[in-house]
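I opened the model to look up a few points of packing. My entries follow in the order I took them.

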Amino acid sequence: MKLILAIDIRKGKVVKAYAGFRSNYKKLLLNNNDFSCPLFFINTVIEKFKINYIYIADLDALAMMKDNKKLIKNILLSFPNKNFLIDAGFNYPIVIYNYNKFLEKHKIKNYSFVLGTESIKNYRLNDLLQKKNFFFSIDFNGSEKKWINRFSQEKVKLNLIFMFVKRTGGRGVNYSVLKKLKKMVCQNNCFLAGGVKNKSDIKKLYFLGFKGVIVSDMIHKQLMGVSNSPPII
């Protein structure tokens, strides 16, 4: 069961997610301490918790604005022993290709790309999987049904993220929905993002067959001293 730290970056700073309203995201402050520097925040987290996977959402790239690609490059270089999942609004294969070439030029290998259904326009699955290990993020924004149907028909075993953006901030997990989804795509590696509150949720998801969870609020509370026990199982 992988515990994956989620980081949202806007204009070079770590920002706090609230129920998916990206326009209202503010820089990350915990107990009035500034954690908005990505390198400082990641270093603080990995010193306290056994986290080896980090999901980075480039909110500027997702909004089709000037991206944070150079900053993300520096992050990956600074933590070569950690594995990163990069979500940067990849919409067409050429965008994926160019981003990959940019990182490869700097001899960076500790990353996978996250292809979100809110962004992706066109792809041939077999062509992509031959070149890179991808995660597909099914964004629950009203268009998820067609994507779930498509992924359920794929013969290749995929890494699927169920992305409940409106539940970010530890707003609760809808287990009845997840059980149905998991049955539909049971052949795949499934991960959950959004809604996870505590270790109890993680254990329940483990027994449902999930391979990992992407969390932020749970880690933030740990750093604020709400609980002294590390958020791992």
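**A buried histidine**

I looked up His220 and found 4% relative accessibility, under the 20% cut-off, so His220 counts as buried. I note that the model is a predicted one. I placed His220 in helix α9. I then listed its contacts, leaving aside neighbours within four places in sequence: His220 touches Lys16, Leu28, Leu30 and Phe41.

**Helix α8**

Next I asked which residues of helix α8 are buried. In this helix, which covers residues 199-207, I found Asp201, Ile202 and Leu205. I looked down the axis of α8 and saw that these buried residues fall within an arc of 100°, so they line one face of the helix. I checked what they pack against and wrote down β1 (2-10), α7 (175-184), β11 (189-193), β12 (212-215) and α9 (217-223).

I also looked at both ends. At the start of α8, Asn198 brings a side-chain oxygen to within 3.1 Å of the backbone nitrogen of Ser200. Just after α8, I read a positive phi of about 100° for Gly209.

**Nonpolar cores**

I went on to the largest nonpolar core and recorded 60 residues. Ile86, Phe113 and Phe162 have the most contacts inside this core. I followed up Phe162, again leaving aside neighbours within four places in sequence, and its contacts include Ile138, Phe140, Leu178, Leu181 and Val185. Also in contact with Phe162 are Cys190, Phe191, Leu192, Ala193 and Phe210.

Key:
Residues are numbered from 1 along each chain as its sequence is written. This is a predicted model: local features need pLDDT of at least 70, side-chain atom pairs count only at pLDDT 80 or more; totals for chains, interfaces and linings use all residues. Side-chain values use heavy atoms; hydrogens and water are left out. Buried means under 20% relative accessible area, exposed over 50%, partly exposed in between (1.4 Å probe, protein chains only). Helices (H or I, at least four residues) and strands (E, at least two) are DSSP runs, numbered from the N terminus. The arc is that of the directions from the helix axis to the C-beta atoms. Contact means heavy atoms within 4.5 Å. A polar contact is a pair of N or O atoms within 3.5 Å; within protein, one must be able to donate a hydrogen and the other to accept it, and residues adjacent in sequence count only if both atoms are side-chain atoms. A nonpolar core is a set of buried Ala, Val, Leu, Ile, Met, Phe, Trp, Tyr and Cys residues joined through side-chain atoms within 4.5 Å.
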